[in-house]
Amino acid sequence: MNESETRALVESRLALIRDFPEPGVLFRDLTPVFADGEAFHALAEALTAPFAGRFDVLAGVEARGFLLAAAASVAAGVGVLPIRKAGKLPRAVLREEYSLEYGTAALEVHEGELPPGTRVLIVDDVLATGGTVAAAARLVERAGWHVAGVSVAIELAELHGRDALPAGLEAYSLLSY
C-alpha cells in the first residue's frame, strides 16, 4: 500500500471527538485504527518506511507510542525500546525531565539497554507541542545511542512541535492537521 492509500485508510478510521479533553478541542482518537488490522498494519509500516535502513531499534514513548513502536518493530524485524514515565522501570535508569503547561514530567529508559551507538527511531502517536518527543530524543542521546529520527502518526502542525525538536532531527508524520 502506498503512502497516499495508507493516509486515506488511517484517516478514515480515526474517530473525531469534539470538546475532548476540554471544550474547543477536536481530539483525533487512534484507537479505531488500532482495532482495524489492515489500518494498523499499514500505519506500522508507514512509520518506518521513510527511515528504512537507518535504524536498529524503535523506541516507543508511553503509552500509545508503545503500541505503534511494537507493531512497527515486528513489521521491520527489529527490537523495541520502551521510553517510560518516571518510576515505572525496575532497573537503573536515565531520566530526562521536561516542561508541561503546569509543571514538569520525566521520561526514563534502562541504562545500558542497548549497545553504544545504536540507531534509535523514536515513535509516538502525536507530535503536538514537541516537549515529550524532544525529551525522548535528549534521553536517547544521553544514553549513548543515536536518534535516527522521529516518526508519528499525527502531527498538530499549528502547535509548532517541530520547533521544540533538536536542530537537524528528521521528523515524519503520516497525518498533519
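An open sheet of seven strands runs in the order β5-β6-β4-β3-β7-β8-β9, with mixed pairing. Strands are DSSP runs of E with at least two residues, helices are runs of H or I with at least four, and both are numbered from the N terminus. Two strands count as paired if DSSP finds at least two bridges between them. β5 (93–100) and β9 (171–176) stand at the edges, each with a single partner strand, so one side of each has no neighbour in the sheet. Neighbouring strands are turned by 25° against each other on average, direction ignored; the axes are lines fitted to C-alpha atoms.

The model is predicted: local features need pLDDT of at least 70, side-chain atom pairs count only at pLDDT 80 or more, and totals for chains, interfaces and linings use all residues. Residues are numbered from 1 along each chain as its sequence is written, and side-chain values use heavy atoms, without hydrogens and water.

Within the sheet, β3 (residues 57–61) and β7 (residues 119–127) pair in the parallel sense over four bridges. Leu58 has Leu121 as its bridge partner in β7.

The largest nonpolar core has 28 residues. Such a core joins buried Ala, Val, Leu, Ile, Met, Phe, Trp, Tyr and Cys residues through side-chain atoms within 4.5 Å; buried means under 20% relative accessible area (1.4 Å probe, protein chains only). α3 gives the largest share, seven residues. Leu43 and Leu68 have the most contacts inside this core. Beyond its neighbours within four places in sequence, Leu68 is in contact (heavy atoms within 4.5 Å) with residues including Phe34, Leu43, Val123 and Ala153. Another core, of 27 residues, lies apart and includes Ala59, Leu127, Ala135 and Trp145.

Technical notes. Axes are lines fitted to C-alpha atoms, for helices over the stretch in contact, and angles run from 0 to 180 degrees between N-to-C directions. Buried means under 20% relative accessible area, exposed over 50%, partly exposed in between (1.4 Å probe, protein chains only).
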